[in-house]
Every structure is written in C-alpha cells, then in structure tokens.
Amino acid sequence: MAGEMMTGNLAAAWGARLSAVDYIPAFPITPQTEIVEALAKWCESGVMAARFVTMDSEHSMMTAAGAAAATGARVFTATSSQGLLYAMEVLYSISGWRAPLVLVNVSRALASPITLEPDHNDVLAARDSGFLQIHAETCQEVLDSILIAYRIAEDERVMLPVIVNLDGFYLSFTREPVILPAPEQVAQFLPPFRPAHLGFKASAPHALGVAVLGGTPYSYFRHQMHLAAMNALDVHSETAAAFERLFGRRYDVVEGYRLDDAEDVLVMTNAFASRGKVAVDAARAEGRRVGLLRLRMIRPWPADAIRGALRSRRAVAVLDQNLAPGQGGILFQEIAACLYHEALRPRALCSFIGGLGGKNLSEGEFRTIFEQTAEAGVREKGIGPVLLYTEAEHREMTQLQMLAAAPGS
Amino acid sequence: MLAIRFHGRGGQGAKTASRILGTAAFLEGFVAQDSPIYGAERRGAPVAAFTRIAREPIRERGIVAHPNLVVVADASLIGDPAARVLQGVGEKTVVFVNSPLSAEQFRAETSLPGRLTTLDLTEIVVQHFGKRGAISALLGAVAGRLVGLRQGSIHEAIARELAELGLATSDIERNQAVAHQSYETVQPVAIETGVPQPIVPAQLQAPMYEPPTRGTARISAAANSVLRETGGWRTFRPVLVPDKCNGCWLCFVYCPDGVISMTKDDKPVIDYDHCKGCQICVHECPTDALVAEREKGGGVAWRAK
C-alpha cells in the first residue's frame, strides 16, 4: 500500500510542515504532545523554516498564535481538552480579528472526573467561537484537512480560523498508512498568505478588536463573522474540488456511506465513524437497509447537505460522543433543528450517547442502535437520549464503587 | 409612568442622582427603577442614567427613549452628539440644565426644544464646598422637585445613597444642605405625561458580506484621536499663573492625556482642544501656578466638529 505508516499526531505535524507555516507557539498536553514534539524537532533540525516557541500555557499559546496571525504570519498550533478550554476566551478574540490560523484539537474528554481518552465535549465547547471545525476520521484525513483548512481560512470570503479535530488515542496514537503530498503540489494548492486586512508595518499601524459600545457595530461585526462562516460552505466545495484534482482524494462537508437505499441512517463524526461503517456492512449483510452519514464539517453547519442526506428516511439515529448535562447530545439538537422545516423529514429521530471518555463502541452497541432505531421508525416516535452502557459494564462499575467506598459504609 | 433621564460627565454624579431619585420615589410608596449606562469608565466621559417612577410594576428596561424629564448636569453635553441629550426630547419634555444662564437666556443661546428650567448647581457646590465636586445630591433634589416628590424623602434617599458610597456623615449632611437649597430654588415646570408615541415597525436590513478590510473591527487611521476634541468635557479648565510657575515640569509628567507641552523656558502650554479638565495638573502643581477656573458662560462652551 502506498504511503508511510504514521500516527494521526504525526500526520497533523506533517500537515503543518507541508503548509509551510511561519510560526508555531506550543504547549504540550496528552494526547497532543507528539505533534509539537515532531514540529520542535523539525524546526530545530532546519527542515522546517518556522519559528517554534514553547509557551507557559495554552492561554498564552493561543494569544501568541492569534497575535502572530494578525501580523500576517501563517500560524499553526495544537491542543486538547482542558488546554482548549483554558485557551477558550482567546479563541473568540482571534476569530473576531479574522485571523485565519489553524488549530488542531486532539479530542480528549473533559474533567471531572479526569481522563485521557477521547470524546467531543472539548471541541464542541468551541462550536460557537467563530472557529470553523473540520472533524477527521482517518490519519490521512487529518493531514489533508489541515491543508484544506488553511486554504479555506485564508480565503478573502472567509478569513476565519479553523479547528481540525482528531480523536485522542483512536487517531492520535494510531498508526496507519498516510500518503504524503509532494511539497510542490501543496505549494500549488496553497498560495502564500497575503491578507489585505492583517499585517505589521510600523509606518501603517492598525488596531484590531477595538472597543465598540452601544451594540450596533458589535452586531454588524459579529454578523459579518456569521456570513464569513457561511461562505465557507461554498469555499469548501471549491477547495475540495481543487484538492481532488491535485491529490486525487475527495472530501465533502458530509460523507454518506451506503445511503442510496437506506431506510435508517446513523449519524456520526470522527474516528469511530470507521467502526460505524463496519457495523453498517454487518447489518446490511443481514438484510437491514441502513447507512451512515458522517459529519465532517461541523462549523459552518452544512444544513443543506444534512437535509439532503436525511430526507425521506424512515428513522435517523444520532450518535453523540458528548453529553450536555441537562440537555443530551449536542449534535442531536442541531440535526433536529435543521430537519424541522424539512417536509420529508424522518419519521423518528433517535438520540444515542456513546463513546464517552473513550469508551469503546462495540458491535453489539451498534446492533442495538440499528434495532432500536428501526423500531422507532416503525412506531414513528423517536427515542433518547439513550446511553450506550451495558449490563456487564455496570457490574464492573459496581465493583469499583465497592472498592472506592470506605470500609463499613 | 414617569421616565427621567440624567446626562452627566463621569464623576459628576448622574448615576447616583438617578439612584437618589429612585430611592426617594420608592420611599414614597411608588414603584421605581433606576439604571446607568456608560462606556469604559473615564472621568469626564458622557454618562447617562435613567429613573422610572410608576404606581404599577414597571416592565420597561434599559434606556429611556422618550423621557418626561431630562436632567443635564453639564451644558456642554448638549453639543456632543455622542451624548444624545436631545434624543426623544419633544415640545412637552421638561429639560433641566445646570447652568448660570436663565431659562430664557439659555433658550436664546441654544435651540433646545422642550420646556426649560435652569439652576447653577455648580456654583452652589463651589460656594459651599470651596471646590468643584459631584453634584449628585443636587441633581437628585432638582429632579425630585420637578416630578413632585417630597423633600423629606429626597433627604432620606441622599443619606442612603451617599452612605452606600462611603461618605462620612458630615459630608452627607452638607450634601443634604445643598440639595435642600436646590430643591427650594429650582423653578418648577409642570410635567405632562404625553400621548403614547405611535409604534412603527422597524425597517430591517440584512447586511451583506464585506471583505475583511471593512468587515473586521479594525482601525487603520493612525493618530485619529486628535480628531476627537475632548476639550468640551471640561467644566473647569486649568489655567497657568505664569509668575508662580517654577518650571518643574510636574504638570507635564502627570497629565494623563499628554495635552501639556513645555516651552523652551520651561513653561507649560495646555492644549485646550483636548484637555478634559481632570485638574490633576492643578492638584500636582507644587507652587499653585495652575488654578482651576470654571468654563465661562455655562452655555454650550464647545461643539463637536
């Protein structure tokens, strides 16, 4: 098979390297550290011309990243989980400056209780920050998405920063073959960054993110960010076409898998979508007409593409690897909202919560999802949120509670 | 419901005045609501505050767009479009201006709509305290008189609100005394509650996407602060007494706005187009060579260009 064996983290580092970034502010956090280690090594050895700077926190790291991008530099950085949350306020500033850097987030569930393994509450906490979001399924897609992200971000019709997301462990530390695009071809795909509204020149100072009071200019500028984000749908489509011409790989804002005659559709994101596809194949082998819709772009929200893929289905299951306490699955809400005006909307919409804190999604769980979703479709009544959590797992849990309890209590 | 809008400059006490009025109305058994609005807190910057008084629960919020009474703590605000003193002021609106001019003189100088009454509150404060100071108690008392609240409740409201700000009892009593004088002296004008304004649907516009050079909150015009002449913020101006100046440059050093330059023979020159009248130079001058003089006339001393 073509390509080289590499982890998702190394693929992310290669994405930055091939994008010929100028500046990398860095702060390590499991499971992202390998990305900045690789970049540090390359900058040290001189194979990369970027300036690599270790910072004292993710907050400083994002501040440096945004400030550098505001001077017109192409900037890359990466974080995860608590680090993303620590940097959160700066994310909103950077998008407001319309500074189009690329941030890789390696998903890891949020404390507390603390863990190292993935779910998507970290990256989805940034969903309203003005950063666009691309969620990757494979190590190849991680690398390719970074190249695509820079081209979209730096487009005059967009000029917004982008988060490229990959799952901790399931991609970050997982090696699989990745084809490295040729640097000359990447240079052809990604022209030099020459923003008209950013830059640093002592003779022509400008102020970004200035104070506005009274609400009118604030409304205008925030709405401009919304329009810019919405423009990214068309820009993504052009960019994906250009990418396919050069590299032969095709990416869309959503990916349909065996949807053609599917009665019921499972909606997923990120690395576990691969397992979802296997589960679809297994169910199909037994005569179930099921398919899978993978959301690749989360911001902007590709409402038309989602409606197009889900209209006329009997039932749709949304598998959220996140949990908004007091609400349920985050993506379920957004799917439901964008189907509301669809006349041919599915008769049942089901919400499943699974893979929290990196918990495996088993074949049995997928089978349960398909069965319950089919039943919901027949009854024409959605269900959920249903937690994917088994009897056997609960027995383990009870054991842990016994061990954690004080003797005699 | 009565809606009262106060306009002042940061430090004059417009916000506290709105609270004194609100508390006084509350003490008399009315339903009251008060709130301020201001930008980054700076002495001298335009401030507005609002008090609503009613017999029924108040469901309005925020700015008063159609006031029954406007209380202007500083006449220079009228000429500053950013202060929006005249917003929603119609023929029936009662307007009080802190000014040494009579209502007739003031109307002759300006083309202010509404029914005007004036009183020189700044002078009352200077007379009693020997220096300029916040005029919140006086503004509250004047507004209370104009809307028909009792002096006793104003008195008590001043005690409560100024104690909240940490003023000593003796200072509160002195404020109550000048407030009393203002309450008695101001020429009352009957407030009419006008017919409700007709409501016209807002004409919405959906902005189009603009390139980031225009669509980003970004200022590229360098050194444009010189265009914003903040000289109109002054109620008092620092004035040099050349004979007393020892040429120490302390005023130059302390000026927070960089509007003092020094001549070759070490004398300060004040840029009055931009001096905000903070009087820090007057305070710091070791030889009393800078003195605070009240801006003349009391009418519109300055207009935005």
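Chain A of this predicted model is divided into domain 1, residues 4-247, and domain 2, residues 254-394. The domain assignment of chain B likewise gives domain 1, residues 2-185, and domain 2, residues 229-294.

| Domain pair | Separation of centres |
|---|---|
| Domain 1 and domain 2 of chain A | 28 Å |
| Domain 1 and domain 2 of chain B | 30 Å |

**Contact between the domains of chain A**

In chain A, the contact takes 26 residues from domain 1 and 22 residues from domain 2. On the side of domain 1 of chain A that touches domain 2 of chain A, the elements giving two or more residues are helix 6 (121-124), strand 6 (132-135), strand 7 (162-167) and helix 9 (216-247) of chain A. Helix 9 of chain A gives the most to this side, with 5 residues. The residues of that side of domain 1 of chain A comprise 13 nonpolar, 8 polar and 5 charged.

**Contact between the domains of chain B**

In chain B, 9 residues of domain 1 are in contact with 9 residues of domain 2. The side of domain 1 of chain B that touches domain 2 of chain B has no nonpolar residues, 4 polar and 5 charged.

**Chain A as a whole**

Chain A has 14 helices and 16 strands. A compact globule of 409 residues would have a radius of gyration near 22 Å, and the 22 Å of chain A agrees with this. Along its principal axes, the C-alpha trace of chain A spans about 70 × 60 × 55 Å. Of the 409 residues of chain A, 49% count as buried. Among contacts in chain A between residues at least 6 apart in sequence, 82% join residues at least 24 apart.

An open sheet in chain A is formed by 6 strands in the order 10-12-11-14-15-16, with mixed pairing. Its edge strands are strand 10 (254-257) and strand 16 (386-387) of chain A, each of which pairs on one side only. Strand 11 (residues 264-268) and strand 12 (residues 290-295) of chain A run parallel and are joined by 5 bridges. A:Leu266 stands opposite A:Leu292 in strand 12 of chain A.

Helix 11 (residues 303-310) of chain A packs on the sheet, where it touches strand 10, strand 11, strand 12 and strand 14 (315-320) of chain A. The direction of helix 11 of chain A makes about 10° with that of strand 10 of chain A. Helix 12 (residues 330-339) of chain A lies across strand 11, strand 12, strand 14 and strand 15 (348-353) of chain A, and runs at about 145° to strand 14 of chain A.

**Strand 1 of chain B**

Why is strand 1 (residues 2-9) of chain B described as largely enclosed by the rest of the structure? The description holds because 8 of the 8 residues of this strand are buried. B:Leu2, B:Ile4, B:Phe6 and B:Gly8 point one way from strand 1 of chain B, while B:Ala3, B:Arg5, B:His7 and B:Arg9 point the other way, and all are buried.

Strand 1 of chain B pairs with strand 3 (residues 46-54) of chain B in the antiparallel sense over 8 bridges. Within that strand 3 of chain B, B:Ile53 is the bridge partner of B:Leu2. With strand 4 (residues 69-72) of chain B, strand 1 of chain B pairs in the parallel sense over 4 bridges. There B:Arg5 stands opposite B:Val70 in strand 4 of chain B.

How values were computed:
Residues numbered from 1 in each chain as written. Chains lettered and ligands numbered in written order. Predicted model: local features only at pLDDT ≥ 70, side-chain atom pairs only at ≥ 80, totals over all residues. Domains from an automatic or database assignment. Contact = placed C-beta atoms within 7 Å. Nonpolar A, V, L, I, M, F, W, Y, C, P; charged D, E, K, R; others polar. Pairing = 2+ DSSP bridges. Axes fitted to C-alpha atoms, helices over the stretch in contact; angles between N-to-C directions. Buried ≥ 20, exposed ≤ 12 C-beta atoms within 10 Å, placed from the backbone. Rg over C-alpha atoms; globule rule 2.2 N^0.38 Å.
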